[in-house]
Protein chains: 2
Amino acid sequence: MFGGDKKLGTESYKGVRDFYPEEQAVQNYIFSVWKKVVESWGYAEYDASILEPLELYKSKTNEEIVNEQLYSFKDKGDREVVLRPEMTPTVARMVAGKFNEIPMPARWYSIPNLFRYEKPQRGRLREHWQLNVDMFGSDSPYADAEVIMLANDIMKKFGAKLDDYEIRINSRALMDALYKKLEIPEEKSKIISRIIDKKDKISAETFKEVLEKEVGETAEKLIVILESKDGVFELMSDSIEAKYLADIISILEKHGIQNLKFTPTLTRGFDYYTGIVFELFGTNSENSRSIFGGGRYDNLINDLFGKNVSAVGFGWGDVTTRDFLKTHNLLPKLSPITQVWIVVPPETNMDEVYKIAAELREKEVKVGVDISGRKLGDQIISAEKRGIPHVLVVGTEELKSKKYKFKNLATREETSIGLNDVIKCVK
Amino acid sequence: MFGGDKKLGTESYKGVRDFYPEEQAVQNYIFSVWKKVVESWGYAEYDASILEPLELYKSKTNEEIVNEQLYSFKDKGDREVVLRPEMTPTVARMVAGKFNEIPMPARWYSIPNLFRYEKPQRGRLREHWQLNVDMFGSDSPYADAEVIMLANDIMKKFGAKLDDYEIRINSRALMDALYKKLEIPEEKSKIISRIIDKKDKISAETFKEVLEKEVGETAEKLIVILESKDGVFELMSDSIEAKYLADIISILEKHGIQNLKFTPTLTRGFDYYTGIVFELFGTNSENSRSIFGGGRYDNLINDLFGKNVSAVGFGWGDVTTRDFLKTHNLLPKLSPITQVWIVVPPETNMDEVYKIAAELREKEVKVGVDISGRKLGDQIISAEKRGIPHVLVVGTEELKSKKYKFKNLATREETSIGLNDVIKCVK
């Protein structure tokens, strides 16, 4: 009738995921930890459409994303639109849009899905969800420190120990001040920044070569500074940029974040960062990728929309989080939401069964009714397959006596009790 | 630096919405009511990507959607992809994909966002969210009745009264049997169905004319049947199709759903329905649109994917829900999530303030710290602007005495209490 004889495949589009209930339960677990912690820090949720005008990305993000990784197309009205690759331009647009109404500083979060056209691989898919946490309108080092403290609280809530991960931190402002001190021309700073970002991924020789091509003799000096533990801080000790970063690090250490590592080679991909940048890495060698990252971007909202609002925040992906939790064995066993499975002997009045279910629901018990008409034993097996913890038998006898056979499928315990006791047992 | 001199507009893409925190709170309220009720009925959440292969829609949905309303484009690998316009083909794909592993009957739900390219208007936007509830693998009338009972529970949870809405119900199978009895050729049934769907939107003359063009003299007979209250049931009383629908109606009435209206002109747009179809309409004349609708689609999964799974379910949009709740004054006043705003007198040790905040968070209090450095009075005004109900003053004095000024901003009550009492007051 519809498909004709040719049947379709059941695979999803490449690089995206189907979330069957078991997978969705993991997703819900991660989202609920995120939400719980960020809301306890006073952050309010916002959201927006995944579709954005192309011009929002043309003007800022680095070219790699716009040219190669962007999902863009023309709508039927010939508008160029994009499936957003990141949330920061969107939230910048929203903050600028109600600039005069939003009480500042503002604490906002969202868990958007994002698209990038890239080769699917471990930790990277074409679509992922990402917790975005941002503080707008504060220049205080406590704003920078707060988003990192909050992120660290999330790691704790996931059950991670301090030595399971390290937080690498740097400051774009400090690095720019360093380049200036080394008399590297300002127009070179962006390219230098990108080369330094690659330092640990290329050989020392190549690194030196590439750097020399840009800044000549200064390259050697720069390498010595980058490789000495406190080289940057020593050279720049008088600068306000070093002081600001030192303040943030000191606040974080006072709050028990000892796994902080000043990392002058950390720059992060986006051009819009202006102050601190940070990334969290797992320490397990099987999974040592970046789990999340962020930074301060004080000029973006002004550059794009002409509203002067400072900002600091991070993005934290679900795919890297899952990988981290699995590697460290931190994913809890998740039961289905349904608490009680009502099994129904043959010839029972089904309307009465539904009334019993309704009574339980009134008391916030989550109940499914077996309407298969199968044999009682098969109905119980069905509950077990679904992972539902309790079975309640509701037959003609039970409806008359108002005592119901109630079975805990884990302990195999079976009792005959009234509905109020069922409610108590479940809670 | 990025945008140059030309600044961008802050509007979202046409026909989609930005959810600022106050708007997101409404969205979260609607979603939480949906989730709470469907989970209490034993439904498990699933999800999928918004991107689907185009072929999934080419083969089934009615042509109007595929040709005019579909957001489709080619990805950089030349694959034709679509922003899903509805969830049913996706969930059909998923159920078919794990056909052998999913315990049947399966109760599933999701709250996806969906896209249609259409002229934005009241109750219709280019992107909306939709609760999708489906029962797979059951032919029992209790499956049909259950999804309607569940939907009715949601209306109750929203605070709607029975006379605020009516549920119109029909059966495609019954109508097809009627056409057969009237000797209308089978190949005409789909077009007749679409004409009947338009009955209340066109004049009686036009309706008759269009119908006559298709079925000649039978048109008059059909109109008499459609316009008599129980015409269809009387004529078809011996059919299994009438009996099945009567069973469902009887179950629903036994469960207190008195606002049910058998409506033979109700057909719904999708071609894939095979059994009952239903829609819920508000009775307020200001907002009498359909709020949700659904039906049984027993052949879809087989037609598309070659797996024989019956199904019944509905889709319930957020936009129509908002309109209904506003029209009936049912949207509750929603406070922000943050419960306590810590205001900080000048010269206070900020690290100690953050420790107090951490203690409160440990006890599940949601706390924001004012880091603005503004005057105390202005910090309190800021809390009021944000709608946060309580203010806690944490200054040098308070840190020493461990007694904190605590103010309820609604009642203006002010006390000086320890942290444990703060926790108690908030809960």
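Which residue stands opposite A:F73 in strand 4 of chain A? Select A:F73 and look across: the residue there is A:V81.

Before going further, a word on the model. It is predicted, so local features need pLDDT of at least 70 and side-chain atom pairs count only at pLDDT 80 or more, while totals for chains, interfaces and linings use all residues. Residues are numbered from 1 along each chain as its sequence is written, and chains are lettered from A and ligands numbered from 1 in the order in which they are written.

**Stop 1**

Strands here are DSSP runs of E, at least two residues long, and helices are runs of H or I, at least four, numbered from the N terminus; two strands pair if DSSP finds at least two bridges between them.

**Stop 1: a loop residue**

Next, pick A:K161, in the loop between helix 5 (141-157) and strand 8 (165-171) of chain A. A:K161 counts as exposed because it has 12 C-beta neighbours inside 10 Å. The cut-offs are 20 or more other C-beta atoms within 10 Å for buried, 12 or fewer for exposed and partly exposed in between, with C-beta atoms placed from the backbone.

**Stop 2: strand 13 of chain A**

Now select residues 340-343 of chain A. A:V340 and A:I342 point one way, A:W341 and A:V343 the other, and all are buried. Strand 14 (residues 367-369) of chain A pairs with strand 13 in the parallel sense over three bridges, and A:I342 stands opposite A:V369 there. Follow the chain from strand 13 through helix 14 (residues 350-362) to strand 14 of chain A: this β-α-β crossover is right-handed, meaning that with the strands pointing away from the viewer, the path from the first strand over the helix to the second runs clockwise. Strand 15 (residues 390-393) of chain A also pairs with strand 13 in the parallel sense, over four bridges, and A:H390 is the bridge partner of A:V340.

**Stop 3: a five-stranded sheet in chain B**

Move to chain B and show the open sheet with order 14-13-15-16-17, whose pairing is mixed. Its neighbouring strands are turned by 25 degrees against each other on average, direction ignored. Helix 14 (residues 350-362) of chain B packs on the sheet, touching strand 13 (340-343) and strand 14 of chain B; contact requires C-beta atoms, placed from the backbone, within 7 Å. Strand 15 (residues 390-393) and strand 16 (residues 404-408) of chain B run antiparallel and are joined by four bridges, with B:K405 as the partner of B:V393.

**Stop 4: helix 13 of chain B**

Finally, select residues 318-327 of chain B and colour the buried ones: B:D318, B:T320, B:T321, B:F324 and B:L325. Just after helix 13 of chain B, B:N329 takes a positive phi of about 60 degrees.

How values were computed. Axes fitted to C-alpha atoms, helices over the stretch in contact; angles between N-to-C directions. Contact = placed C-beta atoms within 7 Å.
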